[in-house]
Amino acid sequence: MRRWPLGSRFGCFAIVKSRWRLFATVVAGLALGGAILTGLVVPQQTNREESGARLRESPGAGALFGWLGGFRALAADLLWLRMYAGWERRDLPGTQTLIRAVVAVDPRPAYFWINGARILAYDQPVWRIEAEGGFEAVPTERRRVIEVEQARLALRLLEEARGLRASTAAMWTEQANIELNKLGDIAAAAASFRRAWEQPAGPYYAARIYGELLRRLDRHREAYEWLCSLYPKLPPDDEAADAPLVLARIRELERMLAVPPAAAFRSGR
Amino acid sequence: MTTVPFSLTRVGLIAAVTLREAVRQKLVAGLALIACGFVLGVRALRDFNFGAPELKFIADFGDGVIAGFGAVLTIVLLAQLFFGELESRTALTLLAKPVWRSEFLLGKFCGVVAVVVVFCVLLTATLSVVLWQRESALRVEGFATLPAGVGFDPGALWVAAWLHIVRLTVLAAGMMLVACIAQTQLYAIIVGFSGFVVCHLQHVAQGVYSRAGSSAMAWVATLIGWMFPDFHLFTLEAGGAWTFEGVARLTVYGAGYAALALGLAVWVFRHREI
């Protein structure tokens with residue numbers, strides 16, 4: 001076998017050295033050029049921030065999301081179907097994991113966040129109580145602990161949703177319902193209903209319930225002022241706005257607060 | 001020895017031959033047909049759709065098909081055409097004539113990019129027809145005024161197509177560099193796909209490295225960030241918001257990376273034993 005002398009142009013060291021030189025040049029060229037390009041053409045920061053926020057929640061899902069690209073809507077739908085299979089079996093950890101996976105893969109639709117929160121807050125406490133022996137066997141205090149734990153999980157999910165996508169009236173309404181029905185926190189629920197009303201296309205009922213909850217909190221004067229400010233904004237021909245009901249409540253509060261007739265609210269309609 | 005000046009005509013001729021060769025390949029026709037089939041058949045998948053409005057789901061799926069199949073087409077086609085020339089020795093015959101190696105590479109690259117452009121335009125046109133047809137059907141079914149953000153925006157769809165073309169052009173240039181370094185077609189394809197995944201997941205790696213809190217890791221992340229273009233930036237959801245300035249910046253960003261990779265590919269190819 002012919003051997004090339006060491007250090008010659010055809011020696012094995014020369015070949016290795018030239019390979020290394022080639023790779024080093026390519027790496028250096030790409031890095032240098034890339035640095036200039038990245039500096040000149042500032043990438044869209046919003047995308048980076050969004051992926052950063054998602055990463056903080058779940059690095060694995062972030063990787064999955066990045067790879068899926070345009071298929072993420074379909075992938076999220078298939079995962080949601082899979083989640084339902086677990087839901088039917090009352091598989092608590094499986095369902096929770098898949099809810100998180102779905103919203104990590106495709107955080108855009110509010111549907112996943114809202115229904116995920118509903119499952120966490122309303123369905124899973126029932127599963128846990130039944131797993132511990134049923135409603136008759138589990139003491140009220142323990143049931144309350146479970147319900148509060150699950151409600152907090154649901155509220156955390158909705159909070160994450162607002163960090164990753166634009167909040168919607170439906171999300172605030174869902175949060176308010178959980179705070180009201182599961183935590184029994186009327187003040188927090190009132191604040192959330194008010195936020196729901198303040199969102200674009202916020203539902204009229206959210207504003208009405210906010211007024212009603214202020215009454216339940218014994219903040220009658222505040223409730224009265226709120227309803228008085230709300231009434232002129234309600235379209236008279238829209239059934240959903242239910243202006244007559246709001247006016248009836250205003251009158252009720254006037255009686256309760258003993259508002260003199262001269263200072264009473266004038267509907268102007 | 002006299003040298004001939006660099007000629008764009010020769011580049012064009014090589015590109016035309018490459019395009020003709022590519023069109024004759026079963027791979028191109030097969031991938032284009034399968035991708036078209038997916039786009040046309042997306043409505044069959046709407047029963048699986050829960051979260052997104054139907055038109056958005058269709059647009060997203062079509063976008064995924066263009067991105068996925070486009071990447072497969074770019075990587076495999078470029079490797080096949082490049083190594084085909086080397087293995088059949090036609091490259092030797094061609095380069096024995098007064099043809100620059102850079103002309104040969106640029107011609108091959110332009111031919112592949114032409115195929116990619118046709119592929120993206122064909123699929124986007126098909127997707128537009130599917131979306132338009134479905135939107136019309138929804139209106140007939142009673143949704144005379146679709147809620148804001150639910151109807152499809154043809155402008156955004158074509159902007160998304162443009163960004164696909166830019167991204168696949170960068171991929172083709174990167175693949176050309178890999179092909180010039182690699183000794184076998186299989187190796188080039190594997191490295192090409194790996195590079196594609198790295199480019200897509202770069203923003204994830206940046207996040208992970210920055211969370212690690214180690215300065216060495218941060219340097220590695222920065223180096224990777226410079227070496228590989230961030231393909232995540234080119235993702236414009238069909239129907240999503242876009243600005244001319246943003247698209248122009250991304251085009252410059254992509255063109256810069258493509259030029260860089262091609263320049264390095266020419267340098268490597270000039271030092272390569274054929």
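Analyst: Because A:Arg194 and A:Glu198 are four residues apart in helix 9 (residues 186-198) of chain A, about one helical turn separates them. Helices here are DSSP runs of H or I with at least four residues, numbered from the N terminus. The model is predicted, so local features need pLDDT of at least 70 and side-chain atom pairs count only at pLDDT 80 or more, whereas totals for chains, interfaces and linings use all residues. Residues are numbered from 1 along each chain as its sequence is written, chains are lettered from A in the order in which they are written, and side-chain values use heavy atoms, with hydrogens and water left out.

A:Arg194 and A:Glu198 form a salt bridge, with 3.1 Å between the closest N and O atoms; the term denotes a side-chain nitrogen of Lys or Arg within 4 Å of a carboxyl oxygen of Asp or Glu. A:Arg194 is partly exposed at 32% relative accessibility, and A:Glu198 is partly exposed at 47%. Buried means under 20% relative accessible area, exposed over 50%, and partly exposed in between (1.4 Å probe, protein chains only).

In chain B, the side chains of B:Lys108 and B:Glu21 meet in a salt bridge at 3.8 Å, N to O. B:Lys108 belongs to helix 5 (residues 101-140) of chain B and B:Glu21 to helix 1 (residues 8-24) of chain B, so the pair ties together parts 87 residues apart in sequence. B:Lys108 is buried, at 3% relative accessible area, while B:Glu21 is partly exposed at 27%.

A network of salt bridges links A:Asp106, A:Arg108 and B:Asp60. Over all chains, the structure holds 18 salt bridges.

Note on methods:
Helices (H or I, at least four residues) and strands (E, at least two) are DSSP runs, numbered from the N terminus.
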